[in-house]
Amino acid sequence: MLKALIFEGKIPYLKPIRKILTYLPLISLLVFTEHLSYKLFGEYGWWLLTFVVFIRPLSDILPKLGILKTLTMLRKELGILAGYFIIAHGIGFFYQKDYPIFESFIDPKYWNLTNKFGWGMIGLILAIIITAISNKWGIKTLKKYWKPVQRLTYALFLTGAIHIGIAEGEMWEMAGLVALLIIVWILAHQKRVLWK
């Protein structure tokens, strides 16, 4: 069972899991009830985003692990979920702090790139754009431009890393994670296989 899961990528109940994932973004609305902190949404959104940007190149360079190939099938659903959680984190910050959302959104002090807020605001804008077009309407409307716009996901990952690095004092850890992604993508682009 475990061997089939790891090496053959046979994930049980994959279709129901994908179906459930399409409804999970609704959880992000809980940020308005204060039952879930905006910080938690930020944390979960970040790890989901990290999964989305790493899973494809990892599956290419580690084809022996069939589970990675199967998990790439969940990138769309998990990417959308990450987007909603990141948006909930951004909007939830203003809501739970009882700051006026729209007025704060255009307040220059939140666009200062020397602190966590500026990078967080850029990330929020990117998350809104990417999530808004991650559907059939987006594909139909943008046509050949849809994929290039979707690649903003990597810009979102970078801004998220900087935001977290400044906010949590983890710049070196975040720099290492970004460097690791670059290495993995270079290996995948060069079609290097580390484990056949």
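Guide: We'll take the fold, then the surface. Keep in mind that this is a predicted model.

Visitor: Fine. How many helices and strands are in the protein chain?
Guide: The protein chain has 11 helices and 0 strands. From the N terminus, its elements run α-α-α-α-α-α-α-α-α-α-α. The chain is as compact as a globular protein of its length, because its radius of gyration is 18 Å, close to the 16 Å that the globule rule gives for 196 residues.

Visitor: What does the C-alpha trace span along its principal axes?
Guide: About 55 × 35 × 35 Å.

Visitor: And the contacts? What share join residues at least 24 apart?
Guide: That share is 66%, counted among contacts between residues at least 6 apart in sequence.

Visitor: How much of the chain counts as buried?
Guide: Of the 196 residues, 40% count as buried.

Visitor: Which residues form a nonpolar patch on the surface?
Guide: Tyr 23, Leu 26, Leu 29, Phe 32 and Tyr 95. Together they have about 520 Å² of accessible area.

Visitor: Pick out Leu 26. Where is its place?
Guide: Leu 26 sits in the loop between α2 (14-23) and α3 (38-61).

Visitor: Why does Leu 26 count as exposed?
Guide: Because its relative accessibility is 56%, and exposed means over 50%.

Note on methods: Residues are numbered from 1 along each chain as its sequence is written. This is a predicted model: local features need pLDDT of at least 70, side-chain atom pairs count only at pLDDT 80 or more; totals for chains, interfaces and linings use all residues. Side-chain values use heavy atoms; hydrogens and water are left out. Patches are made of residues with over 30% relative accessible area and no salt bridge: like charges are joined within 9 Å, nonpolar side chains (Val, Leu, Ile, Met, Phe, Trp, Tyr) within 5 Å. Accessible areas come from the Shrake-Rupley method with a 1.4 Å probe; for residues, only the protein chains shown count as cover. A salt bridge is a side-chain nitrogen of Lys or Arg within 4 Å of a carboxyl oxygen of Asp or Glu. Helices (H or I, at least four residues) and strands (E, at least two) are DSSP runs, numbered from the N terminus. Buried means under 20% relative accessible area, exposed over 50%, partly exposed in between (1.4 Å probe, protein chains only). The radius of gyration is taken over C-alpha atoms; the globule rule is 2.2 Å times the number of residues to the power 0.38. Contact means heavy atoms within 4.5 Å.
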